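Please consult the sequence and the structure shown here.

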Amino acid sequence: MKVTEHIKNAKDKTLFSFEIIPPQKGQNIQKLYDNINPLMEFKPPFIDVTTSREEHVYIKKAGGLLEKKVTRMRPGTVGICASLMNKYQVDTVPHVLCGGFTKEETEYVLVDCHYLGIDNVMALRGDAMKDEAYFIPKNEGNNYASDLVRQISDLNKGCYLHEIIESTYKADFCIGVAGYPEKHMESPSMQADLRRLKEKVDAGAEYVVTQMFFDNSKYFAFIEAAKAMGINVPIIPGIKPVAVKRHLNVLPQVFSLDLPDALVKDIEKCTDNAGVRQVGIDWAIQQSKELIAAGVPVLHYYSMGKSDNIKAIASQVF
Ligand code: FAD
């Protein structure tokens, strides 16, 4: 079922959902199940599965030379989606990226999703590769998420990349896109970023999931600004509990966001990461309760591979 249908059927009750990251190549999927199992009691109608960009690895050769190779360390997004659907009878949302894929490769991924009965896809640009200063699309790839949304919308109309294939048997993906309550790091202004978000919605996106934020007032302001821009699709808040002291520096640096000073002070007082984890849980509970009271359609948690803190939050909130 589509994410938008789940929201409609919930009749103003806030739903619980979360995002998982595929395991690294060579690891067993059981670890993933072990993290998901404790969260299923909160009845997520859908689970997002991220896609990781390819990265450069350097392989030592004889004589000390290094050979640069490209690899994808966490493949398997669509396969994991299929296995979760089968194991838990839950809808899954594979993340589909512009970065690292030609449009042709993207079409294959979408065709696989369609055959597997996946009803939703999250359309994202992806970040620059770690050793590149800015995002470079693959030759014959999509440049921005809005281009990818257009490709998926075309498939929903039965239009494949090559005009020779026009089909009456159409895909019908519900398309999600990313939104940034504190502005995307590359965008020159909040309004410019919102105009880009509007382009994605106009191209066919039916819902938005936000980047993590720690100050609900930023989300509420974002919702208002989006409405003023004419964006009228559901905007699902993304919540991430702080888990380790290092997050104080890493989260602002990687995601270009602010942590409220009260949260920073509470974390600074902690003498170990167990303490930080509890502060993160308490903060996310308070954030979640306020968002539910404001009537958000879904609370979407970034699990980052570990579910004990998400379970602790959900058991206080759902
Ligand atoms: P876009 O919407 O394309 O925007 C990127 C930047 O370009 C913005 O600054 C925007 O303002 C600007 N822009 C857009 N269109 C134009 C245009 N036509 N001309 C000029 N500028 C333009 N990353 C992953 O690698 N894998 C994942 O699974 C993943 N999941 C995510 C899930 C969520 C909910 C979120 C919020 C992010 C996720 N990301 C993921 C991170 C995401 O890929 C990055 O934030 C990326 O830098 C931007 O992606 P986007 O889809 O928002 O890009």
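What volume does the second largest cavity have? The second largest cavity has a volume of about 40 Å³. The model is predicted, so local features need pLDDT of at least 70 and side-chain atom pairs pLDDT 80 or more, while totals for chains, interfaces and linings use all residues. Residues are numbered from 1 along each chain as its sequence is written, and side-chain values use heavy atoms, without hydrogens and water.

**Cavities**

On a 1 Å grid over the protein atoms alone, a cavity is a set of points where a 1.4 Å probe fits but cannot get out, and a pocket is an open set with protein on both sides within 12 Å along at least five of seven lines; lining residues have an atom within 4 Å of a point. Points are joined across faces, edges and corners, and a volume is the space filled by probe spheres set on them. Searching the whole structure gives 2 cavities of 30 Å³ or more.

The lining of the largest cavity includes Phe18, Ile20, Leu32, Asn35 and Lys306. Two or more of its lining residues come from each of strand 1 (15-20) and helix 2 (30-36). Helices (H or I, at least four residues) and strands (E, at least two) are DSSP runs numbered from the N terminus. Around the second largest cavity stand, among others, Tyr180, Glu182, Lys183, Met212 and Phe255.

In the table, Ala, Val, Leu, Ile, Met, Phe, Trp, Tyr, Cys and Pro count as nonpolar, Asp, Glu, Lys and Arg as charged, and the others, Gly among them, as polar.

| Space | Volume | Lining residues by class |
|---|---|---|
| Largest cavity | about 50 Å³ | 5 nonpolar, 4 polar, 1 charged |
| Second largest cavity | about 40 Å³ | 5 nonpolar, 2 polar, 2 charged |
| Second largest pocket | about 310 Å³ | 9 nonpolar, 3 polar, 4 charged |

**The second largest pocket**

The second largest pocket holds about 310 Å³ of space. Of its 16 lining residues, Lys240, Arg246, His247, Leu251 and Met304 are the closest to its centre. Helix 8 (residues 247-255) gives the largest share of this lining, 5 residues.

In strand 10 (residues 298-302), 5 of 5 residues are buried, that is, under 20% relative accessible area. Val298, His300 and Tyr302 lie on one side, and Leu299 and Tyr301 on the other. Two strands pair if DSSP finds at least two bridges between them. Strand 1 runs parallel to strand 10 and is joined to it by 5 bridges; strand 9 (residues 235-239) also pairs with strand 10 in the parallel sense, over 2 bridges. His300 stands opposite Ser17 and also opposite Gly238.

Conventions. Buried means under 20% relative accessible area, exposed over 50%, partly exposed in between (1.4 Å probe, protein chains only).
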